[in-house]
Amino acid sequence: MHNLRSWNVENNTSKGLENLIMETISEKKSQYGMMIDLDRCNGCGACAVACAVENNVPPAYQQTNTRTGITWMRVFEIPNDEQFPQSDSVFVPMFCQQCENETPCVTVCPQNAVEIDPLTGIVGQIPQRCLGCRYCMAACPYHARYFNWRDPKWTDGMKLQLNPDVAPRMRGVVEKCNFCHGRLHTARQKAAANGSEKIDPNDYVPACVESCPNKAIIFGDLEDGSSEISQAIKSKNTFRFLSRLGTEPKVYFNSGRAWVREMAEQALTRTKKEEIYG
Amino acid sequence: MNITRRNILKLIGGSAVGFFLTPLPYKVLDDSSIWTQNWSLTPPLPQGPVSIKYSNCTLCAAGCGVKAKCVNGIPCQLIGIPRHPIDNGALCARGLAGHHLVNHPLRVALPQKFLHKSPDSAMEPISFQTAVNEIASQIQKSNGAIAVFDQQPGRITSEIYFEFLNQLSNGIYATHPSREDATLSTLHEMIDKNNAKLGYDFENTQLIVSFGAPLLDDWGIPGRMRKIFGKRKESGLKLIQIESCQSRTALQSDVWLPIKPDTEYFAALAIANVLIKENLVLLAALRQITDFEKLKHAALQFTPAQYSEITGIDFSIIRQTANKLAQSKSAIVLSGPNPGAGPFNNETEKAIASLNILIGSIGTDGGIVIRDLQKENKNHIARNWNAIQDHSIEVLFIDSVDSGYALPWNLIERKLQPQHTIISLSPYLNEIAAHADYILPSPAPYESLVEVPAHVTSNVNSFSVAVPLFAKPETVIEPENLFKLITQSVGMQLEIPTTEEAVKQKAEKIFSTKRGSVFSYSDGTTKPVSEFLSADDLCKKLFEGAAWSDKPNNSHHPFRFTLNIAAPKNVPKTTNSLVLIPQGWKVAVSSSSISPILSKLFQESELRENAGTISINPETATRYRLRSNDTALLETEEGKMNVRVKLNTSIQPGVILASVGPALNETNFSDATYNDVLSLCTISDHGTWRITQAKVSKI
């Protein structure tokens with residue numbers, strides 16, 4: 001992004017205003033991404049709970065089920081389809097994969113309620129603009145978007161325990177993971193207060209990363225060659241889900257197990273046969 | 001101009017087409033998102049100063065350090081303390097939402113009295129004084145025993161219970177058999193001088209053989225276990241998991257031995273068989289055992305082929321396991337039931353514990369080490385709940401602290417006289433409290449000062465304090481204050497210290513030893529105890545948020561062991577009927593012990609199963625004509641209930657894994673949707689309910 005920084009008026013006195021040069025500088029672009037080591041993840045669910053607490057995602061109603069629930073971070077247990085005792089399974093935390101190219105939810109939204117921040121690469125959802133048509137949910141290949149079928153509900157006491165940095169969403173809008181955008185704002189404000197334009201990586205850590213007891217999630221700037229994530233994604237065992245779609249997701253996974261890497265190209269939804277027979 | 005019908009139709013048609021060329025429909029579409037907004041129905045966000053407080057989680061005995069982000073002094077977010085020396089800065093999923101428990105929908109706000117004995121009977125509020133008078137009257141006229149059931153002995157409150165009961169002629173201070181320290185407490189009973197507190201030296205071990213212990217599913221101190229296993233590539237640690245189900249721990253183990261359900265006893269004896277036959281038992285260990293011949297007789301009773309048939313494991317694999325145990329530089333063998341399934345029976349525990357003695361892992365680095373040598377603790381006199389005579393208790397107090405493991409009501413009920421009075425001190429209307437006559441609510445987690453001693457599995461002593469993060473409501477009463485009122489009402493004399501006084505005494509004791517160091521939560525620094533100026537200085541630091549941890553004991557105490565292992569009488573019969581195994585997740589075995597936000601893992605995803613769900617192998621499902629998401633009838637000798645079926649290829653054919661977990665959010669005990677699978681389990685004389693013969697059929 002080009003920002004107006006200063007007017008270069010060098011030598012303009014002799015040549016007039018026509019020689020006035022507007023100097024622009026390119027603000028450094030970040031591409032925030034994540035990498036999850038599936039061999040370390042044991043499906044404890046700490047990431048999903050920390051995410052819900054951080055982002056004021058309400059608890060379920062009695063009628064809520066796996067299809068109508070709101071889980072920005074949902075951990076799936078994927079079996080290897082072998083029978084006992086050769087069976088194996090892997091826990092896959094699934095959330096918005098922050099697609100970079102032809103982002104499906106952005107292209108289908110009639111309301112411009114989904115935008116990609118050019119400075120961070122984060123796909124953001126703007127609930128105030130959302131019409132609730134759910135095209136984005138249909139378009140998302142990762143099923144990582146959730147619709148508020150009901151008004152959010154907490155007990156009276158729990159309302160006083162909401163995170164003051166994140167607004168709850170109303171009934172009738174779609175929501176999803178935004179890499180804890182509230183924390184990004186806080187980190188930016190802290191950096192600005194310290195007279196810096198660049199945020200300290202330690203100040204911007206999403207809740208799931210912070211809470212993972214197995215240290216299975218790495219977060220950072222993919223554009224920064226020295227960052228831990230930039231190094232980690234170079235591993236030969238690193239892969240992305242449904243990469244064949246060409247949406248260039250910024251969430252990477254890692255596993256030493258070949259069947260897990262192969263599974264990444266399959267759809268995560270169950271077939272009718274799987275629904276019935278497991 | 002003559003206006004014809006055609007002109008009117010053209011105008012209408014043209015207007016209709018033109019309308020879509022104007023911005024109006026798109027504006028309508030656009031604005032409808034604004035007109036339909038209902039932001040007023042979303043709660044306003046709390047506003048006020050943001051602060052940080054430090055405390056310790058008390059949802060289980062691990063007592064992990066907690067950093068709380070507060071708004072207006074009210075915690076809105078919890079996170080672990082980075083670099084914490086005991087829990088490694090990790091909080092489990094339940095701990096991350098532990099601050100919601102003060103506002104739990106099942107919280108009992110006032111002291112209550114049940115109008116009649118039934119879990120769904122009506123309750124009416126009662127004043128503390130009236131309740132105390134009625135309870136005191138019951139105690140005075142009681143002919144049967146008066147008992148306190150404490151699931152976490154060793155606390156200051158436990159001392160109060162003990163002192164109170166000690167003054168009564170018919171008092172029983174009871175506790176439940178250990179779960180996470182089952183192997184340690186079994187070894188404790190085998191040791192000639194039982195003044196040693198034992199712990200696992202996982203940090204230095206090379207091999208762990210686990211009989212069903214969910215080591216990687218929040219067992220013990222979750223952060224400690226995750227740190228140890230997170231570094232296993234570097235440390236070379238190997239895990240052999242012996243378990244009938246492919247649990248999370250089995251999935252992440254190096255070797256998983258899928259044994260037949262409830263044959264752990266025989267698997268342990270089979271390993272002992274190899275160790276003895278192949279002269280792999282250490283000579284020094286042999287000299288320590290007073291009744292080795294009894295063990296030898298038990299282990300050699302069956303042939304390898306018989307062991308293979310009983311356990312379902314090829315004997316060559318058992319042989320390999322035994323050889324690995326004997327050859328490993330350091331090794332630990334331990335047991336630990338799934339939190340839903342109850343403990344192993346005594347014979348199984350003894351067989352598993354004795355393997356540690358045979359390989360000489362007691363008192364060695366990387367084995368089972370002495371955490372502390374101390375004088376006889378009064379709490380060791382706590383009676384095992386299962387050892388209490390049936391139908392003997394007339395007045396029963398049930399302490400509020402939950403062990404995090406399932407507890408069937410039937411297990412409590414069998415010890416009660418027909419005419420009994422139960423007083424629950426739980427802050428929640430949970431499965432056990434629902435059977436009480438009185439609920440006198442204790443403070444919820446983070447509402448009162450609680451001491452956090454070392455975890456039972458820990459290899460070093462530690463101490464920290466869970467300071468309250470919330471103001472305590474006036475309608476709850478701490479157990480020590482309740483017992484103060486009861487002793488006054490009964491006319492007894494009992495000096496009851498406050499927790500604050502007891503913490504100060506503990507700080508003085510630590511200061512006087514000058515041992516260990518104190519880790520500060522606020523700045524992450526560590527300071528040796530010797531550098532504190534006074535005991536008050538140390539105490540102040542503990543209240544601000546700090547953890548004291550001792551150095552490893554490193555003492556090598558010569559022990560002698562009496563194993564007292566009986567030879568197996570019967571070989572388990574193979575039946576065609578299904579086997580029901582309850583399965584749960586530590587602390588989350590009840591709706592009341594977890595935040596409603598945990599629905600993200602249970603109800604809103606398929607990561608964990610709510611109560612009323614069974615998982616079976618597709619092969620079993622085909623046999624009983626069941627399909628995924630069917631509603632089925634689950635029947636045992638104890639009763640029947642409707643369950644939802646889930647298929648899972650990792651479950652042994654013939655096994656039904658029944659979830660012992662929370663009900664759906666907003667479910668009350670009186671709701672038809674609430675199901676308690678524990679009530680279907682057969683409870684053995686040992687007080688175990690690990691397997692039950694069951695039937696399942698499609699509705």
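This is a predicted model: local features need pLDDT of at least 70, side-chain atom pairs count only at pLDDT 80 or more; totals for chains, interfaces and linings use all residues.
**Entry 1, the count.** I began with ring pairs. A pair of aromatic rings is described by the distance of the centres and the angle of the planes. I counted 27 aromatic pairs over all chains.

I looked up A:F239 and A:F253. Their ring centres are 6.1 Å apart and their planes stand at 25°, so I logged the pair as stacked. The cut-off for stacked is under 30 degrees. Next I asked where the two residues lie. A:F239 is in strand 11 (residues 238-239) of chain A, and A:F253 is in strand 12 (residues 251-254) of chain A. The pair therefore ties together parts that are 14 residues apart in sequence. Are they buried or exposed? A:F239 has 9% relative accessibility, so I noted it as buried. A:F253 is buried too, at 0%.

I turned to B:Y200 and B:F202. This aromatic pair is stacked, with 5.0 Å from centre to centre and 25° between the planes. I checked burial here as well. B:Y200 is buried at 0% relative accessibility. B:F202 has a relative accessible area of 1% and is buried.

Which residues form one aromatic cluster in chain B? I wrote down B:Y265, B:F266, B:F302, B:Y307 and B:F315.

I then looked at B:W585. B:R94 lies over the face of this ring, 4.5 Å from the ring centre. B:R608 also has its charged end over the ring of B:W585, at 3.8 Å from the centre.

Definitions and conventions
Residues are numbered from 1 along each chain as its sequence is written. Chains are lettered from A and ligands numbered from 1 in the order in which they are written. Side-chain values use heavy atoms; hydrogens and water are left out. Rings of Phe, Tyr and Trp (its six-membered ring) pair if their centres lie within 6.5 Å; planes under 30 degrees apart count as stacked, over 60 as edge-to-face and the rest as tilted. Helices (H or I, at least four residues) and strands (E, at least two) are DSSP runs, numbered from the N terminus. Buried means under 20% relative accessible area, exposed over 50%, partly exposed in between (1.4 Å probe, protein chains only). A charge sits over a ring if NZ of Lys or CZ of Arg is within 6 Å of the ring centre and within 35 degrees of the ring normal.
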